[in-house]
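User: I am new to reading protein models. Please walk me through this one, feature by feature.

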Amino acid sequence: MRIAFKGLALAASLALAGLMPAAAQAPAKQEAPVAAAAAAPAANAAAPAATAAKPASPELAMDGAPAMTVKPMLGQPTDGLMTIQPQVTANGRRAHSFHDHILLPLITAISLFVLALLIWVVIRYRRAANPVPSKTSHNTAIEIVWTLVPVLILVAVAVPSIGLLNAQYKPAPANAVTLKAIGNQWYWSYQYPDNGGIEITANLLKEKDQVAAGERYRTDADGPRLLATDNRIVLPVGVPIRLITTANDVIHSWAVPAFWIKLDAVPGRLNETSFTIEKPGLYFGQCSELCGARHGYMPIAVEAVPPAEFAAWVKAKGGSMPGEAKPAAAAPAAAAAPAAAPAANAAAPTNTAEAAPANAATAEAATGR
């Protein structure tokens, strides 16, 4: 009887020991929904804050580029213009000056000289004025002159030409922004290797009567006909640009007249040049190498913006500027893991302490039996 009573007492103590942890855990389980409910408004309140904290993009257009409209006489063909487009690079200004101050006067002088010779020959040696033609076959002085003068003219043209060609293929400095242009039949794709690998595909914007209802079409704000693109590339002003070209199918040519740039894009080969844009604006170009049936439908649209605006555009596109640390998405989880470890370690002794009386009671019961 005594043994039975002792066994009942031990069983009751074991039952109480088992109920106490459950009772201790029950409030925690009940508090969990309350905490979750309290956390939900906080999360909802944090969402607008996060949206508000997001940096405002620099007047992002629908293609992600800063909203910029076409400026007359800048970066595009102009009706009635009888000279080279206004240049916005150092090489372009040099080439423009070479054209206006050396080539054009030289060509004009040679053309007028030849025209004067023709008029003089027609009048002086016509049949009425010269019934008996001369039989002169050689003239040493004239032969020396017409040999040396063209040579001197070519030398005068070659010296600045070679200097200009050398400047066009000068390697880009270390701080240059790299733009890789890839020719495809019949569109351009672009990569920014130094800015997080941003990729852009640019296609021709069609006219309103060429698209279905609801589709995007070209407007005057997008650019001239056959030159407007659905996605523009963005480059900084005053920063050296390293242009790399290649192609996926046939030979193309990336050409923007206002930059004085025309660089072939050859499959399996990388061509490189560099330039620096000096003036913000919207600049247009085209593929300048016959590349198939739709060769004339490969436009190029470049927005030149200040460096700060370019950096904002890069971030809006999900890229990063050189030297900036990329945001690690796993950082909060990594920080939470060390914080969770002490909590787990602190909970372990509690479980051990709770299990000790039960083990002791079990041993005592076994001894009693």
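User: A strand has two faces. Which residues of β4 lie on each face, and are they buried or exposed?

Analyst: In a regular strand the side chains alternate between the two faces of the sheet. In β4, Ile233 and Leu235 are on one side, with Val234 and Pro236 on the other. All four are buried, so both faces are covered. Buried means under 20% relative accessible area, exposed over 50%, and partly exposed in between (1.4 Å probe, protein chains only). Strands (E, at least two residues) and helices (H or I, at least four) are DSSP runs, numbered from the N terminus.

User: What kind of model is this, and how are residues numbered?

Analyst: This is a predicted model: local features need pLDDT of at least 70, side-chain atom pairs count only at pLDDT 80 or more, and totals for chains, interfaces and linings use all residues. Residues are numbered from 1 along each chain as its sequence is written, and side-chain values use heavy atoms, with hydrogens and water left out.

User: How do I read pLDDT, and which elements score lowest and highest?

Analyst: pLDDT is the predictor's confidence in each residue, from 0 to 100. Where pLDDT is low, the predicted coordinates should not be read in detail. The chain averages 78, and 70% of its residues score at least 70. Among the elements, helix α1 (residues 2-53) has the lowest mean, 44. Strand β6 (residues 252-256) has the highest, 97. Contact means heavy atoms within 4.5 Å.

User: Back to β4. In what order do the strands of its sheet lie?

Analyst: Strands of a sheet pair through backbone hydrogen bonds, either parallel or antiparallel. Here, two strands pair if DSSP finds at least two bridges between them. Five strands form an open sheet, ordered β4-β10-β9-β6-β7, with mixed pairing. β4 (233-236) and β7 (261-265) stand at the edges with a single partner strand each, so one side of each is left without a neighbour in the sheet. From one strand to the next, the twist averages 25°.

User: Which way do the paired strands run, and how many bridges join them?

Analyst: Take them in turn.
β4 and β10 are parallel, over four bridges.
β9 (residues 281-287) and β10 are antiparallel, joined by six bridges.
β6 and β7 are antiparallel too, over five bridges.

User: Which residues face each other across these pairs?

Analyst: Glutamate 303 of β10 stands opposite valine 234. Glutamate 303 is also the bridge partner of leucine 282. Proline 236 is partnered with valine 305 in β10. Elsewhere in the sheet, tryptophan 254 stands opposite leucine 263 in β7.

User: How covered is β10, and what lies across it?

Analyst: Seven of the seven residues in β10 are buried. Pro299, Ala301, Glu303 and Val305 sit on one side; Ile300, Val302 and Ala304 sit on the other. Helix α4 (residues 307-316) lies across β4 and β10. It runs at about 140° to β4. Axes are lines fitted to C-alpha atoms, for helices over the stretch in contact, and angles run from 0 to 180 degrees between N-to-C directions.

User: What is a nonpolar core, and which residues of the largest one touch the most other members?

Analyst: In soluble globular proteins, nonpolar side chains tend to be buried together. A nonpolar core is a set of buried Ala, Val, Leu, Ile, Met, Phe, Trp, Tyr and Cys residues joined through side-chain atoms within 4.5 Å. The largest one has 46 residues. Trp188, Tyr190, Tyr192, Trp254, Phe259, Tyr283 and Phe310 touch the most other members. Strand β10 (residues 299-305) gives the most to this core, five residues.

User: Which spans does UniProt list as "transmembrane region"?

Analyst: The unreviewed UniProt entry lists residues 102-123 and 144-165. Its positions are given in the numbering used here, feature names are shortened, and annotations may be inferred rather than shown by experiment. In the model, residues 102-123 are 100% helix, with end C-alpha atoms 32 Å apart. Residues 144-165 are also 100% helix, and their end C-alpha atoms lie 31 Å apart.

User: Last one: where is histidine 99, and what does it contact?

Analyst: Histidine 99 is in helix α2 (residues 90-124). At 26% relative accessibility, histidine 99 counts as partly exposed. Leaving aside neighbours within four places in sequence, histidine 99 contacts Ile84, Leu104 and Pro105.
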